[in-house]
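Could you walk me through this structure? I'm new to it and would like a plain tour, loop by loop and helix by helix.

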Amino acid sequence: MKILVPVKRVVDYNVQVRVRADQQGVETTGVKMSMNPFDEIAVEEAVRLKEKGVATEIVVLSIGPAQAQDTLRTALAMGADRAVLITAEPNPEPLAVAKLIKAVAEKEGPSIIILGKQAIDDDMNATSQSLAALLDWPQGTFASKVEVKGEEVEVTREIDGGLETVALKLPAIISTDLRLNEPRYAALPNIMKARKKPLETLTPADLSVDVTPRLETLKVAEPAKRQGGKKVGSVAELVEKLKTEARVI
Amino acid sequence: MTALVFIEHENGAIRQPSRSAIAALAKLGDVHVLLAGTDLSAAATAAASIAGVAKVLTAEDAVLADNLAEPLAALLTALAGDYSHVAAAATAAGKNALPRAAALLDAQVISDIVGVEGADTFIRPIYAGNALATVKSKDPVRVLTVRAAAFPPAEPTGGSASTEAAPAAALDAAKAAAAKSRHVSYEIHKSERPELSAARVVVSGGRGMAASENFKLLEPIADKLGAAIGASRAAVDSGFVPNDRQVGQTGTIVAPELYIAIGISGAIQHLAGMKDSKVIVAINKDEEAPIFQVADYGLVADLFKAVPELDAELAKA
Ligand SMILES: Cc1cc2nc3c(=O)[nH]c(=O)nc-3n(C[C@H](O)[C@H](O)[C@H](O)COP(=O)(O)OP(=O)(O)OC[C@H]3O[C@@H](n4cnc5c(N)ncnc54)[C@H](O)[C@@H]3O)c2cc1C
């Protein structure tokens, strides 16, 4: 069984992002970039399925600037076998990304595609569901547990109020939530080995996919700042203030 | 211009996040709502009396009972032709099905909107809420999910909508799409407390709570304040509380009247889920903790001393 794992290069989760002065985006020059944390979880899950003997090959795919190669190398170092880079700048929207992944999936024929539930830059939470729609495959989003059982995969999902388990006929789409696993750090020898693993580069035109954006960003603004920082000296003072000043209790 | 809003029901009532989605779309024009599942009559009555709802569509079939994305997205797609907007609250069900429906309609979904600027223009947070993007859609049908915390819910009464069954063709589309997935089981974490996303007060614990049993310390306080109990990711990952308690960028977004963060450092991913609360209280023993920068009332203290004191002080009232 082949598994396809799309991964995105994003601003690292530890970076405090700043809105650009021209209000057209956020500052990305000189900012640390990393693999989207949910995608690391996706790669880890695929590698575990391979270690269990369920999967035989893991192909990772990234769509973005040429530097997304680094993200793919990280995934290869974690245990993926092969990488595909589709160069596209700026990053296409989730629908266009889903169309590109679909084109690759049609060539590769994976049984499972595992994606992160959301990219922490645009926070759109849309690619896996859009891809599932375009392929007409079932989807198990926000997964905290994945079990392949014959022709089906059982996915336990994080939902409002608890957990839900669904059974999906393969081939299927899975999107990862935080509790699915704890991704490994690639060991140095694996990082060296990853440099020699195959990486193919394509463009959206090679796949005949139109990536014209559907959304026009009119403005990117900073949210209103909170005036926090006041301290109270005791619990009694806190309760008093909540009653008489804030009037919330 | 008419919007179709998928709404969720529970025990014959309409969930509050769905009423917020109705309120958001009502800014643009008429709102029709879609109820899906089985035993819909009580929910349909409740939906018809929500202020601002012009029509209730019911799609009654067992394949729709568990909000599986495949039949639900097919149903929404089959109905979309009559509407300028298709929307739902950004709940687990909404986030699951709406992007799927959008792709079936060849539209780019606009997730988690916090502002409505016009029929095609919406505001949504990006980068964990550190920036707000105003985006204009070029798609003929706009498919949206709505951040419930950003829109006061439509009143549960005051409306008098008509109710009708969704066309048979739409139900057939849903049934045809249901062959590849099946609901197996739920593990719902029962609670007598208000729902996290709808509570007037939220009391959240973080890694500083140190153990699952210490969350019991928060219960008498939550009881006295009528609060929901939330948590940071670290508290969930450590197994102190179940997953559905997580407040933050990638958990539940809350904006209660009062948010009390106890033993939570205030990482950006946590702040993303609570910084629009009206009043924020932080109790933390580290006076440098970033949570204090957003707190209206910060108390530098050991929580194991401060929490019982807080309970005693509230009992006096
Ligand atoms: C992709 C991604 C998504 C994420 N999504 C979320 C999310 O949705 N929600 C979320 O919360 N986090 C999220 N995180 C995690 C986030 O980055 C932080 O790691 C997390 O919020 C930290 O939780 P915490 O504040 O409880 O723990 P810590 O940061 O460890 O803070 C514990 C705090 O407790 C205080 N403390 C300890 N003992 C006591 C005591 N006895 N009395 C008083 N104070 C005490 C300490 O001073 C400290 O400030 C995400 C991270 C990633 C990478």
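Pro171(A) sits in the loop between strand E9 (162–169) and E10 of chain A, where helices (H or I, at least four residues) and strands (E, at least two) are DSSP runs numbered from the N terminus. The peptide bond that joins Leu170(A) to Pro171(A) is cis, with omega about 0 degrees. Chain A has another cis bond to show you, from Glu89(A) to Pro90(A), with omega near -5 degrees. Pro90(A) is found in the loop between strand E5 (82–87) and H3 of that chain.

A word on what you're looking at: this is a predicted model, in which local features need pLDDT of at least 70 and side-chain atom pairs count only at pLDDT 80 or more, while totals for chains, interfaces and linings use all residues. Residues are numbered from 1 along each chain as its sequence is written, and chains are lettered from A and ligands numbered from 1 in the order in which they are written.

Back to the backbone. Most residues other than glycine have a negative phi, and most peptide bonds are trans. Asn125(A) is not a glycine, yet its phi is positive, about 55 degrees. You'll find Asn125(A) in the loop between E6 and H4 of chain A. Is Asn125(A) buried or exposed? It counts as buried, because it has 26 C-beta neighbours inside 10 Å; the cut-offs are 20 or more other C-beta atoms within 10 Å of a residue's own for buried, 12 or fewer for exposed, and partly exposed in between, with C-beta atoms placed from the backbone.

Now for helix H4 of chain A, residues 127–135, which is mostly covered, with seven of its nine residues buried. Those buried residues are Thr127(A), Ser128(A), Gln129(A), Ser130(A), Leu131(A), Ala132(A) and Ala133(A). What covers them? After H4(A) comes Asp136(A), with a positive phi near 60 degrees.

Helix H1 of chain A, residues 37–51, is also mostly covered: twelve of its 15 residues are buried. Among them are Phe38(A), Ile41(A), Val43(A) and Leu49(A). Just after H1(A), Gly53(A) has a positive phi of about 85 degrees.

Next, the inside. In soluble globular proteins, nonpolar side chains tend to be buried together. Here the largest nonpolar core has 208 residues, of which Val5(A), Val60(A), Val5(B) and Leu75(B) touch the most other members. Domain 1 (2–176) and domain 2 (196–316) of chain B both give residues to this core, so it lies between them. A nonpolar core is a set of buried Ala, Val, Leu, Ile, Met, Phe, Trp, Tyr and Cys residues joined through C-beta atoms within 7 Å. Setting aside neighbours within four places in sequence, the contacts of Val5(A) include Ala42(A), Val43(A) and Val60(A); contact means C-beta atoms, placed from the backbone, within 7 Å.

The domain bounds come from an automatic or database domain assignment. The C-alpha centres of domains 1 and 2 of chain B lie 31 Å apart, and eight residues of domain 1 are in contact with eleven of domain 2.

Last stop: the ligand. Residues from chains A and B surround it, so the site is shared between chains. Of the 30 residues around the ligand, Gly206(B), Gly208(B), Arg233(B), Ala234(B) and Gly248(B) come nearest; a residue counts as near if its C-beta atom, placed from the backbone, lies within 6 Å. Helices H7 (233–237), H8 (268–271) and H10 (303–316) of chain B each supply at least two residues of this shell, and H7(B) gives the most, with three.

Note on methods:
Contact = placed C-beta atoms within 7 Å.
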